Amino acid sequence: MGRTIENKQEIVAELKETLSQSQLALVIDYQGLTVAEITDLRRRLRPTGTKCKVTKNTLMGIAIQDDEKWQPLSELLKGSSAFLLVQEDFSAAIKAYQDFQKATKKTEMRGGVMEGRLLKEPDVKALGDLPSKEQLMAQIAGAINGLATKVAVGINEVPSSLARALQAYADKEKGGEEVSS
């Protein structure tokens, strides 16, 4: 039994909604994956804020036809397509997919779209090599903490240096008095 028109319209509306919340869409060829493997992929992607949608290319084509931001996706709509719609951390999502791909060796990345630009596989890999949001925040926090420590040491050093200078001057004066006596 085929899908009804209402059912297809619901799917297209859901795709549009998910795309509107996404910053990156990846297209993979999922042919040969079992239901358990697709479930595993979805489980790996969930913590990264990514949704894995398996839908017909025509339905995705209808969902993107009025949205200029996602138009380049139409070039990737062929064969058995699964769509990874990344809403949060795209670097972590790409790494999660790459880990899955290494484990199964059954999928192939066709490309993706980000900010209205078509990304080929090397572009997607380059995005995956970027540090995750958590890593960037840790690096920034470390840099701020290091700077704060240097400032604190510098501020603490001023009175100490002044005290040493006064002590040296006092010792010099005391030493000069003993010589003249």
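## Strand β1 and its two neighbours

β1 and β3 run antiparallel and are joined by six bridges; two strands count as paired if DSSP finds at least two bridges between them. Within β3, Ala82 is the bridge partner of Ile28. This is a predicted model, in which local features need pLDDT of at least 70, side-chain atom pairs count only at pLDDT 80 or more, and totals for chains, interfaces and linings use all residues. Residues are numbered from 1 along each chain as its sequence is written, and side-chain values use heavy atoms, with hydrogens and water left out.

Strand β1 (residues 24-29) also pairs with strand β4 (residues 108-114), in the antiparallel sense and over six bridges. You can follow this pairing from Leu24, whose bridge partner in β4 is Met114, to Asp29, which stands opposite Glu108 in β4. Helices (H or I, at least four residues) and strands (E, at least two) are DSSP runs, numbered from the N terminus.

## The whole sheet

Now for the wider view. The order β2-β3-β1-β4-β5 describes an open sheet of five strands with antiparallel pairing. Its edge strands are β2 and β5 (117-119), each pairing on one side only. On average, neighbouring strands of this sheet are turned by 20 degrees against each other, direction ignored. Helix α4 (residues 90-104) packs on the sheet and touches β1, β2, β3 (81-86) and β4, with its direction making about 10 degrees with that of β1. Contact here means heavy atoms within 4.5 Å; axes are lines fitted to C-alpha atoms, for helices over the stretch in contact, and angles run from 0 to 180 degrees between N-to-C directions.

## Covered strands

## Two positive phi angles

Most residues other than glycine have a negative phi. Lys105 is not a glycine, yet its phi is positive, at about 55 degrees. Lys105 sits in the loop between α4 and β4 and is exposed, with a relative accessible area of 65%.

Glu115 also has a positive phi without being a glycine, in this case about 50 degrees. Glu115 belongs to the hairpin of β4 and β5, which has two residues between the strands. Its relative accessibility is 57%, so Glu115 counts as exposed.

The largest pocket has a volume of about 190 Å³. On a 1 Å grid over the protein atoms alone, a pocket is an open set of points with protein on both sides within 12 Å along at least five of seven lines, and lining residues have an atom within 4 Å of a point. Grid points are joined across faces, edges and corners, and a volume is the space filled by probe spheres set on the points. The lining includes Arg3, Arg42, Lys53 and Thr55. α1 gives the most to this lining, with three residues.

By class, the lining has four nonpolar, one polar and five charged residues. Ala, Val, Leu, Ile, Met, Phe, Trp, Tyr, Cys and Pro count as nonpolar, Asp, Glu, Lys and Arg as charged, and the others, Gly among them, as polar.

Thr55 is placed in the loop between β2 (50-54) and α3 (57-64). Thr55 is buried, with a relative accessible area of 15%. Not counting residues up to four places away in sequence, Thr55 touches Ile11, Leu15, Met60, Ser81 and Phe83.

## The second largest pocket

The second largest pocket has a volume of about 160 Å³. Among its lining residues are Ile94, Tyr97, Glu108, Met109 and Val124. The elements that give two or more residues to this lining are α4, β4 and α5 (121-129), and α4 gives the most, with five. By class, four of the lining residues are nonpolar, three polar and four charged.

Definitions and conventions:
Buried means under 20% relative accessible area, exposed over 50%, partly exposed in between (1.4 Å probe, protein chains only). On a 1 Å grid over the protein atoms alone, a cavity is a set of points where a 1.4 Å probe fits but cannot get out, and a pocket is an open set with protein on both sides within 12 Å along at least five of seven lines; lining residues have an atom within 4 Å of a point.
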